[in-house]
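This briefing is for a reader who is new to the structure. Please look over the sequence and the model, then read the points below.

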Amino acid sequence: MIHPETTGPTTPATRSLTVGMSPEIAARYPQCRTVFLLVQGIKNGETWPETEEALAELEAEVRQGHRRIPDENESAISVWHELLRSFGTNPRRARPSIDALGRRLRKSGRLPRVSPLVDTCNLVSLNYMLPTGGFDLSAFHTGIELRYAKPDDVYVPLGESDKTEVPLEGEVIYADGRQVMTRHWNHRDSDVTKVTAHTRDAVLLLEGIAPAILTETLLQARQELADRVAPHAESVSLHEIDPAVPSQIVWEPTL
């Protein structure tokens, strides 16, 4: 079931998080837009045959030369390289997520299978050549903010739960309070907020930079992701980050 954006007062059974970007980021990067889905009651421990079928078809098309995945010389990727360079990140050392995903598919003709929800995000990312990421809502405390890193921020790299890092000064990150969700804008996710087979509620972010990704394309990608996820979830609602006013999402955690 897909619902429009819904917000409202909380009750003892509900949780509330804010989702937004700092005024500094909004002013410096007006060409960037982020939309998202709130997904509840996900069945991420089951097989999603339609996702596997679509991924296998995509991989075969790439291997057979029937479909070409853009590289860093084309606008879909180069705009992200330029963005990362603007705040001091070398995009060839810390590649934006869509670049890393596309490079892997171009080189090997295959993609790793992580979980149905993550695999579906990867499929939509490659269908539209834009970054898409999923985060487990049960791990959040205050909300999601796109902002500059602070000295007391803490990042636990994906797959390295015993390790912590401190982002660089001036680096743009997604964060939940002091907990860093992604480094270098969307280069790499945190192990703390990763989606697993046990994830029941999640937020899925999709990002676009104009004019490489038009607003209509970003919204179309969000709708496709919602349509692919909805058969495997209890509810899906559509939202976006307003640069001027943080959004509030309210939900009742799924047991």
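Which residue with a positive phi follows helix 5? Met129 does, with a phi near 55°. The model is predicted: local features need pLDDT of at least 70, side-chain atom pairs count only at pLDDT 80 or more, and totals for chains, interfaces and linings use all residues. Residues are numbered from 1 along each chain as its sequence is written, and side-chain values use heavy atoms, with hydrogens and water left out.

**Helix 5**

- Helices (H or I, at least four residues) and strands (E, at least two) are DSSP runs, numbered from the N terminus.
- Helix 5 covers residues 116-128, and its end C-alpha atoms are 18 Å apart, which agrees with the 18 Å that its 13 residues should span at 1.5 Å a residue. The expected span of a helix is 1.5 Å times one less than its number of residues.
- Because 11 of its 13 residues are buried, helix 5 is largely enclosed by the rest of the structure. Buried means under 20% relative accessible area, exposed over 50%, and partly exposed in between (1.4 Å probe, protein chains only).
- Among the buried residues of helix 5 are Pro116, Asp119, Asn122, Leu126 and Tyr128.
- The cover over these buried residues includes helix 2 (49-63), helix 4 (97-108), strand 4 (132-136), strand 9 (202-209) and helix 6 (215-229). Here contact means heavy atoms within 4.5 Å.

**Nonpolar cores**

- A nonpolar core is a set of buried Ala, Val, Leu, Ile, Met, Phe, Trp, Tyr and Cys residues joined through side-chain atoms within 4.5 Å.
- The largest nonpolar core has 43 residues, and Leu126, Leu137, Trp185 and Ile249 have the most contacts inside it.
- Helix 3 (residues 75-86) gives the most to this core, with 6 residues.
- Another core, of 24 residues, lies apart from the largest one and includes Trp48, Leu117, Leu218 and Leu225.
- Not counting residues up to four places away in sequence, Leu126 touches Leu58, Arg67, Ile98, Leu101, Gly102, Leu105 and Leu111.

- The 12 residues of helix 3 should span 16 Å at 1.5 Å a residue, and its end C-alpha atoms are 16 Å apart, which agrees.
- Buried residues of helix 3 include Ile77, Val79, Trp80, His81 and Leu84. The buried residues of this helix pack against strand 3 (32-40), helix 4 and strand 9.
- Just after helix 3, Gly88 takes a positive phi of about 95°.
- Helix 6 has 15 residues and reaches 21 Å from its first C-alpha to its last, close to the 21 Å expected at 1.5 Å a residue.
- In helix 6, the buried residues include Leu218, Arg222, Glu224 and Leu225.

**Pockets**

- On a 1 Å grid over the protein atoms alone, a pocket is an open set of points with protein on both sides within 12 Å along at least five of seven lines, whereas a cavity is a set of points where a 1.4 Å probe fits but cannot get out; lining residues have an atom within 4 Å of a point.
- Grid points are joined across faces, edges and corners, and a volume is the space filled by probe spheres set on the points.
- The largest pocket has a volume of about 800 Å³. It is lined by 28 residues, of which Ser97, Val118, Asn122, Leu158 and Asp189 are the closest to its centre.
- Helix 4 gives the most to the lining of the largest pocket, with 5 residues.
- This lining divides into 14 nonpolar, 9 polar and 5 charged residues. Ala, Val, Leu, Ile, Met, Phe, Trp, Tyr, Cys and Pro count as nonpolar, Asp, Glu, Lys and Arg as charged, and the others, Gly among them, as polar.
- The second largest pocket has a volume of about 160 Å³, and its lining divides into 5 nonpolar, 5 polar and 7 charged residues.

**Loop residues**

- Most residues other than glycine have a negative phi, and most peptide bonds are trans.
- Met129 lies in the loop between helix 5 and strand 4, and counts as buried at 8% relative accessibility.
- His184 is not a glycine, yet has a positive phi of about 50°; at 9% relative accessibility, His184 counts as buried.
- The peptide bond from Ala210 to Pro211 is cis, with omega near 5°.
- Glu171, in the loop between strand 5 and strand 6, is buried, with a relative accessible area of 1%.
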